[in-house]
Amino acid sequence: MIEVKDLTKTYTIDGQALKAVDKVSFAVGKGEMVSIIGHSGSGKTTLLSLIGGLTKPDSGQVMIDGINLWSMNDDCLSEFRNKKINFIYQFSSLIPTLTTIENVMLPTAFGNYSEDIEGYARELIRVVGLEDKMNSYPSHLSGGQQRRVAIARAFINSPEIVLADEPTGDLDEDTEKEVIQLFHRMNEEKGITFIVVTHNKEIANQAKKQFKMTNGILSAI
Amino acid sequence: MSARLNIISFALKNLKRKIIRTLLLLLAVTVVTGTLFSATLFISSMQNALKIGTYRLGADVLVVPEKYASEARSALLAGEPTSFYMDKSILERVKKVEGVKRASPQLFVKPSSFTCCYNVDVFLVAFDPETDFTITPWLTKNLKKSLVGNEIITGREVPVVPGDTIPFFGTAFKVAGTMEPTGMKFFDHSVFMTMDAAYKMAEDSKTKSMQPISIEKDKISAVLVQVQEGFTPDRAAIRIEHDIDGVKAIASDEVISTVRKQLGGLLKGILAVSAVVWVLALLMIGFAFSMIVNERQRELGLLRSMGAKKGHIFRLIIAEAVIISVSGGIVGLIAGSTLLFTFKGLILHSLKLPYLMPSATVLIELVAGAIFFSLLTGLLSSLMPAISASKMEPYEAIRKGE
Ligand SMILES: Nc1ncnc2c1ncn2[C@@H]1O[C@H](COP(=O)(O)OP(=O)(O)O)[C@@H](O)[C@H]1O
Ligand SMILES: [Mg+2]
């Protein structure tokens with residue numbers, strides 16, 4: 001259960017205050033899938049980062065399962081991210097020195113995970129169709145393949161919440177459909193909560209709750 | 001192959017990424033550690049040789065003919081064979097000087113040739129078993145007997161073993177024992193015999209040898225002096241020179257401590273220069289790591305978003321620096337010792353100073369010290385970049401690095 005209350009984040013650019021996220025309040029139930037659309041620069045990425053505890057709001061709260069994220073110290077918050085949340089970024093987010101399998105397993109380096117986590121990583125890589133690229137480095141993968149590695153990584157820690165920022169940006173239509181199917185399957189089978197930022201109307205419409213972001217203000221549609 | 005990552009393997013992968021930069025940083029540590037290690041080892045080896053040499057000599061003051069003072073000094077320090085003589089009556093007069101506890105005569109003989117088969121400089125030293133206090137304790141302790149007849153003991157560098165027979169001036173001598181190495185040629189290249197044997201050898205050389213020598217029975221080369229408690233060797237030496245004309249009294253610790261002081265000064269100089277170079281290396285590595293953190297801030301932010309704690313980031317950066325600096329230190333140790341052993345002979349030849357490797361314990365301490373030092377170099381230089389890397393806010397780091 002995610003509850004966001006009066007969340008505000010202001011940036012000062014050239015002496016001008018810019019409310020990237022402006023008094024946003026909304027709630028997402030456990031196992032729900034919600035979508036957010038909006039023009040670029042409207043504050044979607046900032047909002048996801050606030051929910052994931054990557055940046056501190058100026059005011060307002062993010063409560064996850066009743067815990068205020070910013071009441072935790074940094075180590076607890078890191079552990080929280082490691083165990084409960086995972087991100088899919090809008091841009092390439094792989095570590096260039098690591099292979100596909102290593103990139104997928106990277107989050108497990110920062111917490112205690114069972115020995116057979118490698119088997120799960122291989123399975124996830126198979127699910128995104130990259131079993132023949134297991135030991136390839138990101139520089140040998142296409143943009144779409146890199147994105148699929150990042151998507152496999154998003155599930156490695158069996159998160160409760162996945163925050164996806166335009167996850168299908170550089171995928172072809174077929175792969176895009178497969179990824180959306182994967183999200184729905186994960187949502188239904190594992191009860192993972194999804195907040196998906198997207199430009200794609202079709203994806204947006206498949207979500208139970210749909211929001212639109214305009215100049216930092218979030219509204220339901 | 002396991003895909004599981006730990007900080008060290010992750011750090012290694014990062015270091016491989018910019019291999020040239022990594023190697024340059026490593027080289028900087030190599031140079032600093034290598035210089036420091038080899039200079040310290042070299043100088044402490046010389047100091048060690050001098051210390052053991054003084055101990056082996058066992059005499060506080062060496063009384064020699066005034067004219068031969070500098071020969072005596074170089075004989076002591078560089079082990080250059082020499083022979084000079086003075087009247088035996090000097091011994092009795094030295095004994096009477098205030099502050100002298102014990103005095104014993106020695107005879108130095110520079111052989112015209114060793115034997116045809118060996119080409120090592122040797123130096124014949126004859127002592128008086130009745131009064132001697134330098135060789136005799138060693139004999140008692142190691143051979144448990146005194147030298148009789150034509151028995152000799154030899155320094156470590158004389159190429160013989162106990163039981164061998166070697167001739168000097170036509171007389172055959174039997175090797176009764178060899179002394180442990182001191183690093184000082186004066187001892188390591190010496191052959192010790194009794195005074196009686198030496199006089200007899202000289203006497204017999206007239207008939208037995210092609211190159212006879214003559215040493216008169218009432219001649220000695222030096223008087224070795226042990227001073228009474230409450231007297232410093234310096235003071236006793238001054239008194240001896242005052243009371244007896246025509247002699248030079250050399251306080252052995254004065255000769256040796258002067259050289260040791262000079263070596264100490266040299267070491268300090270090298271340390272001072274190294275300290276400056278070290279600070280430069282620290283700044284250079286620190287600067288490089290600030291760059292590394294800056295280049296990689298997006299990746300570091302991503303790691304944070306995956307649940308890496310501040311401590312993970314801190315340790316990652318420190319690990320990279322320490323891997324560089326400790327490997328640099330180890331390479332420096334190897335390179336430094338290789339250079340030292342290659343050029344040791346050359347340097348020693350021009351310095352004319354004794355050299356003896358310190359004991360294994362000291363050596364281990366030096367090696368451990370050098371490795372600790374290189375570890376410290378990595379730690380210190382990357383501390384600031386590692387702190388600033390761990391303090392970055394994940395989202396800011398990810399955005400800025402884009
Ligand atoms: N760290 C930051 N510093 C300064 N300005 C920022 C920062 N993050 C976001 N912004 C600004 O906030 C606004 C919202 O950005 P963002 O959340 O990335 O929008 P979106 O993801 O909807 O495109 C933009 O105008 C952007 O320039
Ligand atoms: Mg965005």
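Two strands pair if DSSP finds at least two bridges between them. Helices (H or I, at least four residues) and strands (E, at least two) are DSSP runs, numbered from the N terminus. The model is predicted: local features need pLDDT of at least 70, side-chain atom pairs count only at pLDDT 80 or more, and totals for chains, interfaces and linings use all residues. Residues are numbered from 1 along each chain as its sequence is written, chains are lettered from A and ligands numbered from 1 in the order in which they are written, and side-chain values use heavy atoms, with hydrogens and water left out.

**Stop 1: the sheet in chain A**

Select β7(A) and β8(A). They run parallel, joined by five bridges. Pick A:Val162: opposite stands A:Phe194 in β8(A). Now show the whole open sheet, six strands in the order β6-β7-β8-β3-β9-β10 with mixed pairing. At its edges stand β6 (85-88) and β10 (217-220) of chain A; each has a single partner strand, so one side of each lacks a neighbour in the sheet.

**Stop 2: aromatic pairs**

Over all chains there are eleven aromatic pairs. Rings of Phe, Tyr and Trp (its six-membered ring) pair if their centres lie within 6.5 Å; planes under 30 degrees apart are stacked, over 60 edge-to-face, the rest tilted.

Select A:Phe155 and A:Phe194. This pair is tilted, at 6.1 Å centre to centre and 50 degrees between the planes. A:Phe155 sits in the loop between α5 (143-153) and β7 (161-165) of chain A, A:Phe194 in strand β8 (residues 193-197), 39 residues apart. Both A:Phe155 and A:Phe194 are buried (under 20% relative accessible area; exposed is over 50%, partly exposed in between; 1.4 Å probe, protein chains only).

Move to chain B. B:Phe84 and B:Phe108 have ring centres 5.7 Å apart and planes at 85 degrees, so the pair is edge-to-face.

**Stop 3: the cores**

A nonpolar core is a set of buried Ala, Val, Leu, Ile, Met, Phe, Trp, Tyr and Cys residues joined through side-chain atoms within 4.5 Å. The largest has 69 residues; those with the most contacts inside it include A:Leu47 and B:Leu300. Its largest share, nine residues, comes from helix α11 (residues 310-351) of chain B. Apart from that core lies another, of 44 residues, among them B:Ile153 and B:Phe186.
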